[in-house]
Amino acid sequence: MMKTLLSILLLSLSLMVYSQETHEPKNVMTVTGTAQIFASPDEAIVRLGVAQNASTAQAAQSQANEIIQKLLTSLKSLGIAKENIQTSRMSLSPIYTQTRPGETPRIGSYQATDLLSIRVSDFSLVGKIVDAGTAAGINDVEGIDFELRNAREPRSRAYKEAVADARSKADAVAEALGVKIVGIYDVETDGGAIAPQPRLMGMAKMAGAPTPVEPGQVEVSVTVTIRYQIG
């Protein structure tokens, strides 16, 4: 009997502790702070593709391969390492034709497509890569993304600004309510977002004129949620 009462008592104490731990704390104010800063990108990804049509699948693929091989040779001459070149899309598909209404579509030709993504940190190479692609026969300059690989320093600055933003809001609310901030209960942060600056490229360019490219800046945005203790 004594053991049973002791077990019940221990269970009751455990439930009381659990209840206290899981209840929301009193006198807590929740504030969200945000920050957006701009930083210079440190790498670019150039996407160049080719689409070739032919009467047979083999011919279409062979023509696309020839152009890609020319581009790879040019990229090597520019000093771009193999590990910075990636095939990001490849496909071979039939193209159907229908000569008369109601007629069963038949395969008229084939289309082979290939897309390379080239990553560089030397922005002076970006325009040269595009020019090398068009010279090799590339007919799809899909675009360029300027990104921020080393984001530690700008992200740190953004979090400091976000915390300052949250505290400014908390101070204003506390003053309006006639209370004081006495501590911090907890803090939550997001992972931070980096918005790359895409550049869409057209196929038209003046003969002999190098392709101009400007990296601009990328946006680093963060959010912090802070629960302040007030009294």
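Gln52 counts as buried, because its relative accessibility is 17%, under the 20% limit used for burial. The model is a predicted one. Gln52 belongs to strand E2. Setting aside neighbours within four places in sequence, Gln52 is in contact with Ala60, Gln63, Ala64, Ile67, Tyr110, Gln111, Ala112 and Asn139.

Leu48 can be taken next. It is among the residues with the most contacts inside the largest nonpolar core, a set of 27 residues; Leu71, Ile80, Ile118, Val120 and Ile129 are the others named for this. Strands E2 (43-54), E4 (106-120) and E5 (140-147), together with helices H2 and H3, each supply at least two residues of this core. With neighbours within four places in sequence again left out, Leu48 is in contact with Leu71, Asp114, Leu115, Leu116, Ile118, Ile129, Gly133, Ile138, Asp140 and Val141. A second, separate core has 21 residues, including Ile37, Val222, Ile226 and Ile230. In soluble globular proteins, nonpolar side chains tend to be buried together.

Helix H2 (residues 57-77) and helix H3 (residues 124-136) meet at an angle of about 145 degrees, and their axes are 9 Å apart. Their crossing is right-handed. On the H2 side the contact is made by Ile67, Lys70, Leu71, Ser74 and Leu75, and on the H3 side by Ile129, Ala132, Gly133 and Ala136. Of these contact residues, six are nonpolar, two polar and one charged. Leu71 and Ile129 take part in this helix contact, and both are named among the residues with the most contacts inside the largest core.

Technical notes: Residues numbered from 1 in each chain as written. Predicted model: local features only at pLDDT ≥ 70, side-chain atom pairs only at ≥ 80, totals over all residues. Heavy atoms only, no water. Axes fitted to C-alpha atoms, helices over the stretch in contact; angles between N-to-C directions. Helix = DSSP H or I, 4+ residues; strand = E, 2+ residues; numbered from the N terminus. Left-handed = near helix turned anticlockwise from the far one by under 90°. Contact = heavy atoms within 4.5 Å. Nonpolar A, V, L, I, M, F, W, Y, C, P; charged D, E, K, R; others polar. Core = buried A, V, L, I, M, F, W, Y, C linked by side-chain atoms within 4.5 Å. Buried < 20%, exposed > 50% of the residue type's maximum accessible area, 1.4 Å probe, protein only.
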